[in-house]
Amino acid sequence: MFKKFQKWSATSMSVALALGLITGMSALPVHAESPGNTDQGISKVTATFYGDTKVSKGFTWYTSKLFTNSTVQVIKKTASEADYTSALTFEGTSSPSTNSAEELVHKAVATGLQADTAYYYRVGDAARGIWSETGTFQTAPKSGEFTFIDLADTQAKSEDEAILSSQTLEKALQTVENAQFVVHNGDIVDTGTKEEQWNWLLGHSQKSLLNTTIVPSAGNHEDENYAFYDHFNINEPSGSATKTGAYYSYDYSNAHFIVLNSNEASEKYANFSEAQVEWLKKDAAAAKRAGAKWIIVNIHKGPYTTSNHATDSDIMDKNGVRNQIAPLMAELDIDFVVQGHDHIYARTKPINQEGKATTPTKLKDTLNDKTIEYSVNPDGSIYVIPATAGPKVYYKNPSEKLGDKYYNLFELAEENHAAVYGPDPSDNRRPTRGQVQNFVGITVDGNKLTAVTYEIDQNKNDAKPFIVDQFGIIKKD
């Protein structure tokens with residue numbers, strides 16, 4: 001939560017669900033023309049997991065300084081439209097935005113909800129009768145199958161590029177219709193301290209964000225001055241730093257998710273503080289003791305990617321992520337790691353504690369009229385980078401520092417599909433911007449995880465998503 005506010009008290013965490021956002025806003029003069037600002041002055045609404053995902057939900061939104069009250073209202077979704085007459089109401093807290101002098105940041109938590117239940121919500125100022133548009137969310141089930149979307153690097157340099165990223169999110173939610181939440185692997189905007197970019201990205205994505213829960217990790221493009229933390233209500237460990245991002249975890253059905261912050265640094269661990277690594281060890285062990293069937297990690301600067309950053313010093317040096325953090329993944333029995341930062345699609349074979357690929361038994365099945373292979377009880381963690389949901393893409397890394405020994409760790413390590421469009425006119429080190437986007441739909445059903453990767457090519461299939469990869473994991477006792 002806000003370190004500037006202190007940690008929220010249980011009372012201030014009470015909140016009611018409510019959300020909204022439109023275009024055009026008179027109450028926020030600094031960003032009067034920004035998307036996602038409502039006539040009522042409520043913008044940048046996000047819903048996040050906070051506490052027990054079965055019975056609570058966190059919310060964040062922005063307003064002008066006129067509206068200091070922070071209210072959320074929540075009501076079960078039993079009709080086609082929301083009636084807030086008998087809604088649950090929760091009060092939150094507001095604080096000046098760190099990077100937008102004319103705005104307040106509001107955060108609140110709705111608690112005491114029912115598991116596996118759809119709700120309407122809205123956020124605003126109950127005393128003034130100022131409300132956002134209505135949003136929806138689903139609380140987690142106690143058990144059973146669930147589906148989520150994974151994507152990364154929506155960062156955009158311009159409003160047009162932010163619109164492109166928002167279209168990827170919209171298409172992902174339309175394609176993976178039953179997705180209960182969206183995991184974002186970091187680099188949400190291009191420059192986190194420029195609030196205008198959050199207005200673009202969250203504003204044009206507001207309709208989508210009002211109807212899902214987002215699970216973000218902090219990317220290196222939002223690593224300064226609470227740029228990440230101001231926009232999301234995160235239940236981080238008590239006493240942990242939040243200026244560069246936040247790390248946290250949550251349970252969903254039979255899975256435990258760990259979201260790391262790769263913007264910290266220490267002598268022992270590039271990109272990670274020793275405190276965060278110790279927390280990771282304890283958190284994963286506690287999840288196993290509690291009976292989690294799956295452990296899934298979200299990390300922005302991942303150890304196993306196939307583009308520019310694969311040879312960065314903070315990845316491959318002695319104290320780098322590949323040599324220090326990756327072995328922990330296998331040691332802690334992490335099943336699946338989703339990554340960002342490198343803007344290319346790739347996935348590994350299971351990688352063990354020694355950094356070697358293992359060869360699991362494969363079971364073949366048919367899904368979407370295509371063959372899918374499931375790795376059975378893989379010895380090691382499987383890593384996936386879902387390319388980018390935004391405009392910027394990278395070529396595959398040809399460095400001799402990697403070579404066949406490294407690329408043999410991968411099940412799939414192709415050249416970026418955007419490479420066919422040639423180099424970008426403004427930077428020939430990269431393929432043309434904005435042509436190809438990707439996202440992954442992931443379903444966990446008991447002892448089986450199934451992932452289907454989609455691609456959007458602006459020049460193919462009417463820019464509608466099509467499948468480019470699918471794979472899975474089966475865990476047998």
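The model is predicted, so to speak of local features a pLDDT of at least 70 is needed, side-chain atom pairs count only at pLDDT 80 or more, and totals for chains, interfaces and linings use all residues. Residues are numbered from 1 along each chain as its sequence is written, and side-chain values use heavy atoms, with hydrogens and water left out.

Let's start with the domain. An unreviewed UniProt entry lists residues 44-139 as "domain: Purple acid phosphatase N-terminal"; such annotations may be inferred rather than shown by experiment. That stretch is 0% helix and 51% strand, with its end C-alpha atoms 21 Å apart. Helices here are DSSP runs (H or I, at least four residues), strands likewise (E, at least two), numbered from the N terminus. Thr 71 sits in strand β3, residues 71-76. Thr 71 counts as buried because its relative accessibility is 1%, and buried means under 20% relative accessible area with a 1.4 Å probe, protein chains only. Its side chain makes a polar contact of 3.1 Å with that of Glu 91 (a pair of N or O atoms within 3.5 Å, one able to donate a hydrogen and the other to accept it; residues adjacent in sequence count only if both atoms are side-chain atoms).

On a 1 Å grid over the protein atoms alone, a cavity is a set of points where a 1.4 Å probe fits but cannot get out, while a pocket is an open set with protein on both sides within 12 Å along at least five of seven lines; lining residues have an atom within 4 Å of a point. A volume is the space filled by probe spheres set on the points.

The largest pocket holds about 370 Å³. Its lining has 18 residues, and Tyr 304, Arg 322, Gly 355, Tyr 406 and Leu 409 are the closest to the centre. Helices α7 (321-324), α8 (326-331) and α9 (403-407) each supply at least two lining residues. By class, that lining has eight nonpolar, five polar and five charged residues, with Gly counted as polar.

Which cavities turn up? The whole structure has three of 30 Å³ or more. The largest is about 120 Å³, and among its 13 lining residues Thr 154, Leu 169, His 184, Leu 201 and Ile 214 lie nearest the centre. Its lining has no charged residues, with eight nonpolar and five polar. The second largest cavity is about 80 Å³, and its lining includes Glu 414, Glu 415 and Glu 455.

How values were computed
Buried means under 20% relative accessible area, exposed over 50%, partly exposed in between (1.4 Å probe, protein chains only).
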